[in-house]
Amino acid sequence: MVVKNDDELAVQVEQANFIMLSLYREYSKKLLENKDNAFFEKQMQLIKHDMMYLDKKQMVTKTQQIYVPILKKILKEQQDNKK
C-alpha cells in the first residue's frame, strides 16, 4: 500500500513539474514581448525557488492551488486572443 502512495506522489510530482515548467515558459514568452518584465522575472524566480526547495508534497499542493489556476488563465487569454 505504501508503494502505491509513493507511486502516486511520483506521478503528482512529475505533473507538478510539467505545470511549473509550462508556466515558466509562458512567463518567458511574456518577457520576450517586453510586458511587465520585473513582474515576470520575479514569478520565474519564484518557480525556480519552489522547484528547488519545496518538498514534494508542498510542491504538489502549491501547484494545484496556485500554479494551475494561473496557467489556465494565461492559456484561456491566449485562446481568446486567437478568436
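How many helices and how many strands are there in the protein? The protein has three helices and zero strands, and its elements follow the pattern α-α-α along the sequence. The structure is a predicted model. Its C-alpha atoms fill a box of roughly 50 × 30 × 15 Å along the principal axes.

**Burial and contacts**

- Of the 83 residues in the protein, 25% are buried.
- Among contacts with a separation of 6 or more, 62% join residues 24 or more positions apart.

**Packing of H2 and H3**

- Helix H2 (residues 37-53) packs with helix H3 (residues 56-82) at an angle of about 150 degrees, and their axes lie 10 Å apart.
- Angles over 145 degrees count as roughly antiparallel, and H2 and H3 are therefore roughly antiparallel to each other.
- The crossing of H2 past H3 is left-handed.
- On the H2 side, the contact involves Leu46, Ile47, Asp50 and Met51, which meet Met59, Lys62 and Tyr67 of H3.
- By class, this contact of H2 with H3 comprises five nonpolar, no polar and two charged residues.

**Nonpolar core**

- The largest nonpolar core contains 15 residues, and Leu23, Tyr27, Ile47 and Tyr67 have the most contacts inside it.
- Helix H1 (2-32), H2 and H3 are the elements that each give two or more residues to this core.
- H1 supplies the largest share of this core, namely seven residues.

**Surroundings of Tyr67**

- Leaving aside residues up to four places away in sequence, Tyr67 touches Ile19, Met20, Leu23, Leu46, Ile47, Asp50 and Lys62.
- Among these partners of Tyr67, Leu46, Ile47 and Asp50 belong to H2.

How values were computed: Residues are numbered from 1 along each chain as its sequence is written. This is a predicted model: local features need pLDDT of at least 70, side-chain atom pairs count only at pLDDT 80 or more; totals for chains, interfaces and linings use all residues. Side-chain values use heavy atoms; hydrogens and water are left out. Axes are lines fitted to C-alpha atoms, for helices over the stretch in contact, and angles run from 0 to 180 degrees between N-to-C directions. Helices (H or I, at least four residues) and strands (E, at least two) are DSSP runs, numbered from the N terminus. Angles under 35 degrees count as roughly parallel, over 145 as roughly antiparallel, 65 to 115 as roughly perpendicular and the rest as oblique. A crossing is left-handed if the near helix is turned anticlockwise from the far one by less than a right angle, and right-handed if clockwise. Contact means heavy atoms within 4.5 Å. Ala, Val, Leu, Ile, Met, Phe, Trp, Tyr, Cys and Pro count as nonpolar, Asp, Glu, Lys and Arg as charged, and the others, Gly among them, as polar. A nonpolar core is a set of buried Ala, Val, Leu, Ile, Met, Phe, Trp, Tyr and Cys residues joined through side-chain atoms within 4.5 Å. Buried means under 20% relative accessible area, exposed over 50%, partly exposed in between (1.4 Å probe, protein chains only).
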